[in-house]
Structures are given as C-alpha cells and as structure tokens.
Amino acid sequence: MSTVWLVVLVVGIATVALKATGPVLLGDRELPEPVARVAALLAPVLLSALVVTQTVGGDNELVLDARLAGVGAGAVAIAARAPLPAVVVIAALATAITRLLV
Amino acid sequence: MSSAASISELRYRDGVRAAIAVAATVWFFGASFGLVARAAGMGVLAPLVLSATTFAGSAQFALTSILGAGGGAAAAIVAAVLLNTRYAPISISVASLFRGPRLRRLVESQLIVDESWALASRGGGRFDRRLLLGAGLLLYVAWLSGTAVGVLAGDALGNPKDLGLDGAFPALFLALLVPQLRAPRAVLAALVGGAIALVLIPFTPPGTPIVAASLACLLGLRRSDA
C-alpha cells in the first residue's frame, strides 16, 4: 500500500472513531475530573501549535516569509471582530501582496 | 400545524441557515485542500476519501503538508490523529444529543466538526441537536464538493501560494484559537504548547512539534484555582 493511502485510511478510521466516541460509547457518562481537565486543553494547545508551525515552519528550519504578514493582518482582523470568512480573505490577500512586493 | 411542530421542523433549517457563511469559507478551504493535496502528490481519489471520512480541515492540511515535505507516514498519522483527538472530548460534550441505534449514532456523529459544534452551542455547556446536525450536513457537503473541485480543477485555480493561501491557514487557526482562550489556564497552555512547537521546529521531523506541544495539556492535571 502506498504511503498516501496508508495515511488516508488510518487517519480516516481514527477520526470516525474519535467523533463517535461520545455518541456511541459514553452516552451521558462523564469523564473522570482530571481527564476532563486535560482534554479541555487539547483544542487551545493544538491550535496554538498549528498556528506556530504553519506560520514559521519549514523543512527542519524556521522560515520567516510572507505568511507572517498574512497572520499579522489576520490577527488585526480578528481583533476588529471581523467574521471568519473576512479574516481568511484578508490574511490570504496580505500574504499574496507581501509575496509580490518582497 | 402546531407551533411546537413548526419550531422543530424549522430548527434543522436554522442550523443550515446559521452555517451558510461559514460553509462558503469551508467550501473555499475544501477547494484549497484539494489543490494542495494534488500538489503534494496525493492524487485524485485519496484526498476525496480523506475529506469524506476525516472531515477536519486542520488535520487534513497538517498531514498533507507533512507528506508534501517528505515527513513520512508515521509523522503524518500521529500529527493528524493528535490534531483530531480533540474530537473525543468534543463528541463527549454533545453525546446526550444522539439517540437510537448505535449505527445511527455513529453516522450522525460524523457531522461533528469544530464549526457545527461551535454553532450549536447554547452556552453553559448545552448544545442543540438540530443546529448541530443541520449545520454539520451543510458543512460536510461544502467540504466534500470543495475538495472535488480543488482536486479536479486545481490547475485552473492557480498556485495556492500565489493566492496567499499558505498564510490564510494559520490565520484561520488563530481565529479558531481565540475563542478557546477564555480561561487563564487555556491561555497558559496555548502559550506553552506554541513555545514547545516553535523550539522543536528546527530540530525534529515535520509533525513532531505539534505532537510534542500536546504535552502542554498536562497543565490540566493541576487542580483549578478558579
């Protein structure tokens, strides 16, 4: 099996199972308190790590390029309470324009 | 028609309606994903199967970028699965909305995605089933049809870098991160996780920084002082 299909199948099956965890397995049962506190931090931690790696991540090196301008413009839009589609378009535009100019 | 019936009939539609603007973005990102996946050498069918089964943008983009950078299957799988691990607690938070046979609950639970979950939140940890499923269905259709257009008409859409899409992704993740930062502990954990990822980028294979950053979740083991 190719690397691509291996990844697609494993991730697909795992994600289906993860999304079904609560509805299929647990129903109304609650997580033990310490586990719930750890799980509650997964989303902010993983999203934060993703922002970092997608902004300055390269092939085994830190890369400072037009993406920084895009994220910066996106952050300003977020602070101004722009809706999600506007944040995305503004960040893309800022990245594309910076890449053209620099 | 009784008013109760009309309310319950309307509310799946309310979910669809609430998600229309977000669905446009999701379609756009689905097309971007198809484009990027094609460029990363994933072919036509694999990205579609991935969108149909995984239906989670951040994990799909992460594994695509790792594969495209030659990061290997293990790093791609671990990063994507770890990114989607949040769906265990997310699905647990809405577990009581799902009824009937297990197979039906399994199928319906696949409509859980960050955006449908957020749109269905009624505050105080309560969620609305019809908003969740109505929004989720529209977003699923948008994601899959966007992916199809991206992989098939990818060349017509141009180079994603020329469109600045590589800068749009981290901005989208930032926009999804900000609403998560209400509690001081979440802010601290996000900072620690981001710092771990930043420090590890030069020294580890692609995907590893995100995996290692998840250790910051252990801050949750401390008892809440709030």
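Figure 1. At 1.5 Å a residue, the 18 residues of α5(A) should span 26 Å, and the end C-alpha atoms of α5(A) are 26 Å apart, so the two values agree. The expected span is 1.5 Å times one less than the number of residues in the helix. Helices (H or I, at least four residues) and strands (E, at least two) are DSSP runs, numbered from the N terminus. This is a predicted model: local features need pLDDT of at least 70, side-chain atom pairs count only at pLDDT 80 or more, and totals for chains, interfaces and linings use all residues. Residues are numbered from 1 along each chain as its sequence is written, while chains are lettered from A and ligands numbered from 1 in the order in which they are written. The buried residues of α5(A) are V87(A), V88(A), I90(A), A91(A), A92(A), A94(A), T95(A) and A96(A). A residue is buried if 20 or more other C-beta atoms lie within 10 Å of its own, exposed if 12 or fewer, and partly exposed in between, with C-beta atoms placed from the backbone. These buried residues pack against α4 of chain A, and against α2 and α11 (165-177) of chain B.

**Figure 2. Chain A and its side facing chain B.** Chain A has five helices and zero strands. Buried residues make up 45% of its 102 residues. The contact between the chains takes 69 residues from chain A and 83 residues from chain B. Two residues are in contact if their C-beta atoms, placed from the backbone, lie within 7 Å. On the side of chain A that touches chain B, α1(A) gives the largest share, 20 residues. By class, this side has 47 nonpolar, 15 polar and seven charged residues. Ala, Val, Leu, Ile, Met, Phe, Trp, Tyr, Cys and Pro count as nonpolar, Asp, Glu, Lys and Arg as charged, and the others, Gly among them, as polar.

**Figure 3. L41(A), a loop residue.** L41(A) lies in the loop between α2 and α3 of chain A. With 27 other C-beta atoms within 10 Å, L41(A) is buried. Leaving out residues up to four places away in sequence, L41(A) touches A186(B), A189(B), C217(B), L219(B) and G220(B).

**Figure 4. Helix α2 of chain B and the largest nonpolar core.** The largest nonpolar core has 110 residues, and A79(B), L139(B) and I210(B) have the most contacts inside it. Helix α2 (residues 20-39) of chain B gives the most to this core, 11 residues. A nonpolar core is a set of buried Ala, Val, Leu, Ile, Met, Phe, Trp, Tyr and Cys residues joined through C-beta atoms within 7 Å. In α2(B), 16 of the 20 residues are buried, so the helix is largely enclosed by the rest of the structure. Just after α2(B), G41(B) takes a positive phi of about 85°.

**Figure 5. Packing of α3 and α9 in chain B.** Helix α3 (residues 45-53) and helix α9 (residues 129-152) of chain B pack at an angle of about 170°, with their axes 9 Å apart. Axes are lines fitted to C-alpha atoms, for helices over the stretch in contact, and angles run from 0 to 180 degrees between N-to-C directions. Therefore α3(B) and α9(B) are roughly antiparallel to each other. Angles under 35 degrees count as roughly parallel, over 145 as roughly antiparallel, 65 to 115 as roughly perpendicular and the rest as oblique. P47(B), L48(B), S51(B) and A52(B) of α3(B) meet W143(B), L144(B), T147(B), A148(B) and V151(B) of α9(B).
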